Amino acid sequence: FPLKQRTENTMLNACCGGIRPGHEDTKEGGVSGLHDMSTIELPVGHVKIDPEDPWPLETYNPPKHVYKMRDEKTGYLQTFPFEENNPMPEAFERTSEYLVKLLDPVIKPKNSEGGGEGGASTSQPSSSSNTNNNEGDQKSKKKKEKVKKQSQPPQEEADPFAKANLTVGKVLEAKADDAWSEKLYLCKVLIGEDEEKDVKQVVTGLRKYVKREDLEGKLVLTIINLKVAKLAGETSEAMILATESGEGESVDVKLVKVPDGAKIGEKAFIENEEDKKPETYPKECKSKLWEQVKQTLVIKGGKATYQGKNVVVASGFVTGQNGVADGALIK
């Protein structure tokens, strides 16, 4: 057919197939055409426009093949061809049970649990129903977990002191080499029982303040789980702690003192809080945490304190050297 004829025929077939007023076959060869609805006399109860429609009549201009027809049973004014197969008139004769059937398996009928004979279910859910139920259960579970997490009280953060592995060590060697550095010692420090595996290399800036003979062979307090660093080209695996007071040229730096009877490898902890001493320490104490510890790690009454509490090892108090003033920082 020519394009115009094929278009008209398609519109009619989509509408009613030519059985409604104004849609009869009008052209030879069986080709249907559309009449101008404004020129057709509609049967009683049939109107072109419903005067009760909410939109303004002057702006509503339905296509020529669209009209309204009053349903004899319900009085419902249907729009044709769009509502030709609409089940609305029949719905007035039904109860709400038909809605349940339309929604199945989206919802579960009331008698689905123990409603049949012998307690058997009268409804067999489809695979799509099971999928929907599973998805709903998963969403509900996730929501409950989220609420549970939100309702839990915030956990206390661990004291950064518990992250710092403060250990008694013995300086086996303190090497001073001007060709390498005029300010640093290159030390070997034993921090355990095994003199091969438990030896740490430490680069320390104590050379200006502590004589070599006051360092070699002495017990010291170290922190052994800081990030490994390189100083003057040498690896430093730990830090020897010392007190520091004064400023500028008058700064005074001295070794932190551990009890004479202390054993190599002993761990430092807070007095009366040995039960809080961790069984294991993290491989690395982050520099941020160590900075927090150092802020309140000071000498008070000659003793090393953290947040005002005495720092001890199993054999006694950790202290400052004679003459170290209160408030001296430990670093």
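Predicted model: local features only at pLDDT ≥ 70, side-chain atom pairs only at ≥ 80, totals over all residues.
Ala232 is partly exposed, with a relative accessible area of 47%. Another residue with a positive phi is Asn272, where the angle is near 65 degrees, and this residue is likewise not a glycine. Asn272 belongs to the loop between strand 13 (269–270) and helix 5. With a relative accessible area of 73%, Asn272 is exposed.

The protein chain contains five helices and 18 strands. Of its 331 residues, 33% are buried. Among the contacts in the chain with a separation of 6 or more, 56% are between residues 24 or more positions apart.

The average pLDDT is 77, and 60% of the residues score at least 70. Strand 7 (residues 219–223) has the highest confidence, at 98, whereas helix 1 (residues 3–15) has the lowest, at a mean of 41. Over residues 1–20, pLDDT stays under 50, and the model has 28 contacts beyond four places in sequence for this stretch. Residues 114–123 also stay under 50, and for them the model has eleven contacts beyond four places in sequence.

Next come the open spaces at the protein's surface. The largest pocket has a volume of about 570 Å³. Its lining is made up of 26 residues, and those nearest the centre are Val203, Gly205, Leu231, Met239 and Ile240. Several elements come together here: strand 6 (199–204), strand 8 (229–231), strand 10 (239–240), strand 11 (242–245) and helix 5 (287–295) each contribute at least two residues to the lining. Which of these elements gives the most to the lining of the largest pocket? It is helix 5, with four residues. By class, the lining of the largest pocket consists of 14 nonpolar, five polar and seven charged residues.

The second largest pocket has a volume of about 290 Å³. It is lined by 14 residues, and Asp214, Lys218, Leu219, Leu255 and Gln321 are the closest to its centre. The lining of this second pocket is divided into seven nonpolar, one polar and six charged residues.

Rolling a probe the size of a water molecule over the atoms shows where empty space is left. The structure holds one cavity of 30 Å³ or more, and the largest cavity has a volume of about 40 Å³. Its lining is formed by Leu166, Leu221, Leu241, Val256, Leu297, Ala304, Val311, Val318 and Ile330. What classes of residue make up the lining of the largest cavity? The nine lining residues are nonpolar, with no polar and no charged residues among them.

Asn165 lies in the loop between helix 4 (127–151) and strand 4 (166–175). Is Asn165 buried or exposed? Asn165 is buried, because its relative accessible area is 9%, under the 20% cut-off for that class. The side chain of Asn165 makes a polar contact with the side chain of Thr167, at 2.8 Å. Leaving aside residues up to four places away in sequence, Asn165 touches Thr222, Ile223, Ile224, Asn225, Lys267 and Tyr281.

The other residue is Lys300, which is placed in strand 14 (residues 297–300). Lys300 is exposed, because its relative accessible area of 52% is over the 50% cut-off. Which residues does Lys300 touch, not counting residues up to four places away in sequence? They are Thr305 and Asp326. Lys300 and Ala325 are 25 residues apart along the chain, and their C-alpha atoms are separated by 8.0 Å.

How values were computed:
Residues numbered from 1 in each chain as written. Heavy atoms only, no water. 1 Å grid on protein atoms, 1.4 Å probe; cavity = no way out; pocket = protein on both sides within 12 Å on 5 of 7 lines; lining within 4 Å. Points joined across faces, edges and corners; volume = space filled by probe spheres on them. Nonpolar A, V, L, I, M, F, W, Y, C, P; charged D, E, K, R; others polar. Buried < 20%, exposed > 50% of the residue type's maximum accessible area, 1.4 Å probe, protein only. Polar contact = N/O pair within 3.5 Å; in protein donor to acceptor, adjacent residues only side chain to side chain. Contact = heavy atoms within 4.5 Å. pLDDT = per-residue confidence, 0-100.
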